[in-house]
Amino acid sequence: MTTTLFTDARKVDADGEVAGFWMLVDGDVIVATGATVPGSRGAAEVTGGVDATRASSATAGAPDAPTAGGAVPPPADVTVDLAGATLTPGLIDLHTHGGGGHAFDGGPDDLDAGLALHRRHGTTRSLVSLVANPVPVLARSLGLIGDLMRRDPLVLGAHLEGPFLAPDRRGAHAPHFLLEPDAATVEALLEAGDGVVRQVTIAPELPGGLDAIDRLVSSGVVAAVGHTDADFDLARAAFDRGASLVTHAFNAMAGIHHRDPGPLVAAVGDERVTIELILDGVHVHPAVAELVLRSAPRRVALVTDAMAAAGAADGDYRIGELAVTVDRGVATLTGSSTIAGSTLTQDAALRLAITAAGLSPVDAVAALTLVPAHVLGLDAGGRRAGTRLSTGAASAAVTPTAHAAAAHPSQSAAAGPAQSAAAAAPMVLSAAAARPAQGAATRPAQGTEAHPALGRLAPGHAADAVAWRDDWTVARVWAAGRELPVG
């Protein structure tokens, strides 16, 4: 495979910031990383023809090894000089319905075009979200998504936002397509999307709701509490049964009341649970978003919930069979004030997280990369959703040559460009060992059996990366080691 060396970047990921960062990519996987220090020694003797693992290992283990973060990068077939630009992992969206004028419940061309729009804005991996529809229609859409996954590894699977929603909290879902989550319907959708369904939103108060959560979780599917009238106690019961996500916090559910805390307080207090947040300045006020982000650190995943108008002009659209009007970038059901998805892209959410919600770049990037990867069990080690996102150390499948355990994620916001030796010393991984073990899911998504970890710029992780300008707009995007079109 072709090797590509990225040099002279300011790395920002969940493990912190590193100046002078470099990483070596072999095919679609990162196999070595380090950081240059002026005047460092050690790798100058490494010449062409030595593989990345041996080159970095020889450097790190030598008596005259460079100081913390100091390593001359190994040779590569191609070099990308980033000239000091910020480099982050590729962004991951757990919840998106379309973009660029195309809805994801359309045909194959709509799927391709909508995903291309979001990839231009830095989203390298996505779940494809579907609104409530009759089971045969959903089954057809799941089949198309399965076909897409077989040819496009950047698609992580499907998210069924409907049909198991509370009628009074349905939002932009057709009421006559809503269903109770009885065993037969749940099984029919799992079978129709065998290995494709990765996430299902469910109102646990519906008849059979808690039992359905049991079934979803046992199949390796993320159960998300959303579009619900559940109170605090019922939400806690759902989390105890294995639900590990909240669908778009504050929207289509009860808010927080001092005598009736509701599902969000239950989620904030439960470290097993991740909280989706649409940070577009419309769905949730930035001050409320900041409250949630600070109350549940490293447990908020920023999502778009984008509909077809994302990246497209204002006007008339549809979500499923419902008419939607987009005016000044705000989508509502036509003739009402009901919000109908968003026109958000993840790069815009990142900017708002930093400028309006007060997050550090490290924590803002984590909310769009490592946190959603963890929800799907695609962070290092392939842990399934519902387990605590712990220290930033790489999986046991990753073999660091000179790398101490990384800081705990909650501490990484304080890390600066002058990183400690533990965070900046070169890490290496042989290409053969670059794939972490498969997660615990009994029904793995198609194409994920040998999936590299997501969410970090570290050995063993997918070669997904975004180069950013100083104003946090996207300059360049790579996914699975390939550069994608931007602009």
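User: In what order do the three strands of the open sheet stand, and is their pairing parallel or antiparallel?

Analyst: Please note that this is a predicted model. In general, the strands of a sheet pair through backbone hydrogen bonds, in either a parallel or an antiparallel manner. Here the open sheet has the order E16-E17-E18, and the pairing is antiparallel.

User: Which strands stand at the edges of the sheet?

Analyst: The edges are formed by strand E16 (315-319) and strand E18 (330-333). Each has a single partner strand, so one side of each lacks a neighbour in the sheet. On average, neighbouring strands of this sheet are turned by 35 degrees against each other, with direction ignored.

User: How many bridges join E17 and E18?

Analyst: Strand E17 (residues 322-327) pairs with E18 over four bridges, in the antiparallel sense.

User: How do helix H3 and helix H4 pack?

Analyst: Two packed helices are described by the angle between their axes and by the distance between those axes. For helix H3 (residues 135-151) and helix H4 (residues 183-192), the angle is about 25 degrees and the axes are 9 Å apart. Angles under 35 degrees count as roughly parallel, and H3 and H4 are therefore roughly parallel to each other. Their crossing is right-handed.

User: Which residues make the contact between H3 and H4?

Analyst: H3 contributes Val135, Leu138, Ala139 and Leu142, while H4 contributes Thr185, Ala188, Leu189 and Ala192.

Conventions. Residues numbered from 1 in each chain as written. Predicted model: local features only at pLDDT ≥ 70, side-chain atom pairs only at ≥ 80, totals over all residues. Heavy atoms only, no water. Pairing = 2+ DSSP bridges. Helix = DSSP H or I, 4+ residues; strand = E, 2+ residues; numbered from the N terminus. Axes fitted to C-alpha atoms, helices over the stretch in contact; angles between N-to-C directions. Parallel < 35°, antiparallel > 145°, perpendicular 65-115°, else oblique. Left-handed = near helix turned anticlockwise from the far one by under 90°. Contact = heavy atoms within 4.5 Å.
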